[in-house]
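Good morning, and thank you for coming. I would like to take a few minutes to go through one structure with you, and I ask that you keep it in view as I speak.

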Amino acid sequence: MSKVSPTTGSSTMTPEQVDFAARFANYEIVLKVSTKRICAPERNDDGTWFLPGCVLTINTRIEQIIVTASDGLDAVGLERIRVAVENFCAGRAWCAAFDKLKIRIDSSDGSEVFQTGWLGWTSDTKWLDRDGWRVTACTDDRCAETWHEYDDTTELGTPMVIHRSDTIKHLAGYELAMVRETAGPWKVEVEVASNELDVFVARSLCNDISWLAIECEKLNATEAVAA
Ligand SMILES: [Zn+2]
């Protein structure tokens, strides 16, 4: 398990690192959140702590850089990692972390996969002193998101998140979505840009709300709404 720290934001890349990074300049950056906490903080030999944050995978076949964050990682940390990956792709300063990328060749199609060990922070303390938003994987099949941010939990300790399913965007200025809060029923979220609607738009809005309401009713009736 390589232990690398993305805190060295001021370091510059060597020409070899810049060349390496240039291969991935146009790759899509995909953020994912693991359903598991990646691993517990570990004590370094010098007494500091290594706090794991994510695993980073570069897949040359699908041209993606995939950041898989640990469940419960703080949202600030994930954002810092995302910016670091963008910097890496742009060949800008940073980052020692990618010195440690391991190369794996997928024998089935010959594509290369580069993967870090856990990427995280070195800290004097076992816990980063960061309050606020954290990230968690989404476990609702109907939700369009793969992960959510949250800053509160239920009495059972389940993250309180807002799931979003089907959405309707109308050019005349309204937007509807099926949403549900953790352990709650599906509801229709309505956003209207103006309180004066052309009659055709008004009728369209009614129809769309009605359709989404029926979809919500179906889901609420047939699914045991899980936490
Ligand atoms: Zn969700």
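**Cores, a sheet and confidence**

Let me begin with the largest nonpolar core, which comprises 19 residues; Cys54, Val67, Ala69, Ile81 and Val135 have the most contacts inside it. Two or more of its residues come from each of β3 (49-59), β4 (64-69) and α2 (75-89). The greatest contribution is that of α2, which supplies 5 residues. Please bear in mind throughout that this is a predicted model.

As a general point, nonpolar side chains tend to be buried together in soluble globular proteins.

With neighbours within four places in sequence left aside, Val67 is in contact with Ile29, Leu31, Lys32, Cys54, Leu56, Ile81, Arg82 and Val85.

Is Ala69 buried or exposed? Ala69 counts as buried, because 28 C-beta neighbours lie inside 10 Å, and the threshold for that label is 20 or more. Again setting aside neighbours within four places in sequence, its contacts are Leu31, Val33, Ser34, Gly53, Cys54, Leu78 and Val135. There is also a pair to note across the sequence: Ala69 and Leu119 are 50 residues apart along the chain, and their C-alpha atoms are separated by 9.2 Å.

I turn now to the sheet. It is an open sheet of 3 strands, in the order β9-β10-β11, with antiparallel pairing. Its edge strands, β9 and β11, each pair on one side only. On average, and ignoring direction, neighbouring strands are turned by 20 degrees against each other. Helix α3, residues 199-222, packs on this sheet and touches β9, β10 and β11. The direction of α3 makes about 15 degrees with that of β10.

Let us take the two pairings in turn. Strand β9, residues 162-170, pairs with β10 over 7 bridges in the antiparallel sense. Within that pairing, Arg164 has Val179 of β10 as its bridge partner, and Lys169 stands opposite Glu175 in β10. The two strands form a hairpin with 3 residues between them, and Gly173 in the turn has a positive phi of about 115 degrees.

On the other pairing, β10 and strand β11, residues 187-192, run antiparallel and are joined by 6 bridges. Here Glu175 has Glu191 in β11 as its bridge partner. This hairpin has 5 residues between its strands, and Ala183 in the turn has a positive phi of about 65 degrees.

Which residues of β10 make up its covered face? They are Tyr174, Leu176, Met178 and Arg180, whereas Glu175, Ala177, Val179 and Glu181 form the uncovered face.

Finally, a word on confidence. The protein chain averages a pLDDT of 83, and 85% of the residues score at least 70. Confidence is highest in β11, at 97, and lowest in strand β5, residues 102-105, at a mean of 76. Over residues 1-10 the pLDDT is below 50, although this stretch has 26 contacts in the model beyond near neighbours in sequence. Where pLDDT is low, the predicted coordinates should not be read in detail.

Thank you for your attention.

How values were computed: Residues are numbered from 1 along each chain as its sequence is written. This is a predicted model: local features need pLDDT of at least 70, side-chain atom pairs count only at pLDDT 80 or more; totals for chains, interfaces and linings use all residues. A nonpolar core is a set of buried Ala, Val, Leu, Ile, Met, Phe, Trp, Tyr and Cys residues joined through C-beta atoms within 7 Å. A residue is buried if 20 or more other C-beta atoms lie within 10 Å of its own, exposed if 12 or fewer, and partly exposed in between; C-beta atoms are placed from the backbone. Helices (H or I, at least four residues) and strands (E, at least two) are DSSP runs, numbered from the N terminus. Two residues are in contact if their C-beta atoms, placed from the backbone, lie within 7 Å. Two strands pair if DSSP finds at least two bridges between them. pLDDT is the predictor's confidence in each residue, from 0 to 100. Axes are lines fitted to C-alpha atoms, for helices over the stretch in contact, and angles run from 0 to 180 degrees between N-to-C directions.
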